[in-house]
Amino acid sequence: MRCFIGGSDTEVGKTEITVLLIEALREAGIRVGAVKPFCSGPITDLERLANALGAGVDPITLCWRHVPEPVAPYVAIGMRNQSLDTQAMEGWVAQRAREVDILLIEGIGGLLTPLDRDYTNVTMAKRAADRVILVVPNVLGSLNGASMAGRILELHSIRDPIWV
């Protein structure tokens with residue numbers, strides 16, 4: 001099973017939820033893996049995922065494409081006059097999923113963060129995952145953000161997300 005962990009925005013707790021899921025699944029004896037296909041800026045999230053997965057996991061192996069600038073991948077890749085091979089990324093995710101019982105796929109930024117010209121986190125969730133977990137912060141205004149995020153998923157025919 002492949003489960004996408006997305007957020008209504010950036011910095012809403014996606015990594016924290018992913019780490020908690022890794023720990024709970026490992027404790028239950030389930031072979032769990034985690035990836036963050038795109039990572040920009042510091043690799044702190046990757047390090048947290050690697051630590052949760054256990055000894056010997058190299059954080060950078062959890063990421064298909066890392067860019068040093070802390071900006072949306074599409075912006076960073078555009079600064080280099082490059083593009084992303086999203087089909088290759090989806091193949092990489094599928095290969096990682098074959099190695100475990102459950103693969104957690106952490107998105108970057110919010111649901112509509114552009115990863116490539118016509119490819120967002122929603123696209124990745126729809127094409128690379130079986131289920132979606134949507135993380136929403138517990139702050140003033142979060143109901144509006146949650147409603148918008150839910151509507152975005154509905155518009156892309158992603159039904160019954162797990163809300164956190």
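The dialogue below takes these features in turn.

Author: This is a predicted model: local features need pLDDT of at least 70, side-chain atom pairs count only at pLDDT 80 or more, and totals for chains, interfaces and linings use all residues. Residues are numbered from 1 along each chain as its sequence is written, and side-chain values use heavy atoms, without hydrogens and water.

Reader: How much space lies in the largest pocket?

Author: Rolling a probe the size of a water molecule over the atoms shows where empty space is left. A pocket is an open set of points on a 1 Å grid over the protein atoms alone where a 1.4 Å probe fits, with protein on both sides within 12 Å along at least five of seven lines. Its volume is the space filled by probe spheres set on the points, which are joined across faces, edges and corners. Here the largest pocket holds about 410 Å³. Its lining (residues with an atom within 4 Å of a point) has 21 residues, and Thr10, Glu11, Lys14, Lys36 and Asp45 are the closest to its centre.

Reader: What about the second largest pocket?

Author: About 200 Å³ of space lies there. Of its 15 lining residues, Ser8, Asp9, Gly145, Met148 and Ala149 lie nearest the centre. Helix H6 (residues 142-155) gives the most to this lining, 5 residues.

Reader: Which residues of H1 are buried?

Author: Buried means under 20% relative accessible area, with a 1.4 Å probe and protein chains only. In H1 these are Lys14, Thr15, Ile17, Thr18, Val19, Ile22 and Leu25. They pack (heavy atoms within 4.5 Å) against strand E1 (2-7), strand E2 (32-35), H2, strand E5 (102-106) and strand E8 (131-135). Just after H1, Gly29 has a positive phi of about 85°.

Reader: What is the strand order in the sheet?

Author: Two strands pair if DSSP finds at least two bridges between them. The order is E2-E5-E1-E8-E9, an open sheet of 5 strands with parallel pairing. E2 and strand E9 (162-163) are the edges, each pairing on one side only. E2 and E5 run parallel, joined by 4 bridges. Ala34 stands opposite Leu104 in E5.

Technical notes:
Helix = DSSP H or I, 4+ residues; strand = E, 2+ residues; numbered from the N terminus. Buried < 20%, exposed > 50% of the residue type's maximum accessible area, 1.4 Å probe, protein only.
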